[in-house]
Amino acid sequence: VKWNSNNPNLFVSGTEDSSLCTWDIRESKPVHTFDGTMGMILSLEFINNGSFLVSSSDTTRKNASGKALTVWDFETGSVMSKNIYTE
């Protein structure tokens with residue numbers, strides 16, 4: 001879970017099933033879901049005054065293990081960058 005530094009009513013949660021959801025504490029359901037993650041979410045961080053969200057995820061596959069870093073435009077939910085690092 002990571003709170004948005006620009007809006008104290010918003011936070012993002014990541015789950016083991018690779019989903020990212022934005023929550024508004026004034027609502028009782030997610031207000032936005034991010035599509036395009038690679039695996040279990042490991043960490044989240046807001047950058048650029050809350051305009052972008054960086055997520056790290058586990059990309060373990062059958063014969064390889066790695067991590068992915070994804071940069072999201074927080075307003076639109078668009079993927080700005082995705083990098084995969086293989087171990």
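This short talk concerns one asparagine and the aromatic pairs of the structure shown above.

Please keep in mind that the structure is a predicted model.

I begin with asparagine 4. This residue is found in the loop that runs between β1, residues 2-3, and β2, residues 10-14. Is asparagine 4 buried or exposed? With a relative accessible area of 5%, asparagine 4 is buried, because buried means under 20%. A polar atom of the asparagine 4 side chain lies 2.7 Å from the backbone nitrogen of asparagine 6. Once neighbours within four places in sequence are left aside, asparagine 4 is in contact with Leu10, Phe11, Phe46, Gly50 and Phe74.

I turn now to the aromatic rings. How many aromatic pairs does the structure hold? There are 5. One of them joins tryptophan 3 and phenylalanine 11: the ring centres are 4.8 Å apart and the planes stand at 50°, so this pair is tilted. Tryptophan 3 is partly exposed, at 45% relative accessibility, whereas phenylalanine 11 is buried, with a relative accessible area of 17%.

Another pair consists of phenylalanine 34 and tryptophan 72. Here the centres are 5.2 Å apart and the planes are at 70°, so the arrangement is edge-to-face. Phenylalanine 34 is buried at 2% relative accessibility, and tryptophan 72 is buried at 0%.

Finally, Phe34 and Trp72 form one aromatic cluster together with Phe46 and Phe74. Phe46 and Phe74 were also named among the contacts of asparagine 4.

Technical notes. Residues are numbered from 1 along each chain as its sequence is written. This is a predicted model: local features need pLDDT of at least 70, side-chain atom pairs count only at pLDDT 80 or more; totals for chains, interfaces and linings use all residues. Side-chain values use heavy atoms; hydrogens and water are left out. Helices (H or I, at least four residues) and strands (E, at least two) are DSSP runs, numbered from the N terminus. Buried means under 20% relative accessible area, exposed over 50%, partly exposed in between (1.4 Å probe, protein chains only). A polar contact is a pair of N or O atoms within 3.5 Å; within protein, one must be able to donate a hydrogen and the other to accept it, and residues adjacent in sequence count only if both atoms are side-chain atoms. Contact means heavy atoms within 4.5 Å. Rings of Phe, Tyr and Trp (its six-membered ring) pair if their centres lie within 6.5 Å; planes under 30 degrees apart count as stacked, over 60 as edge-to-face and the rest as tilted.
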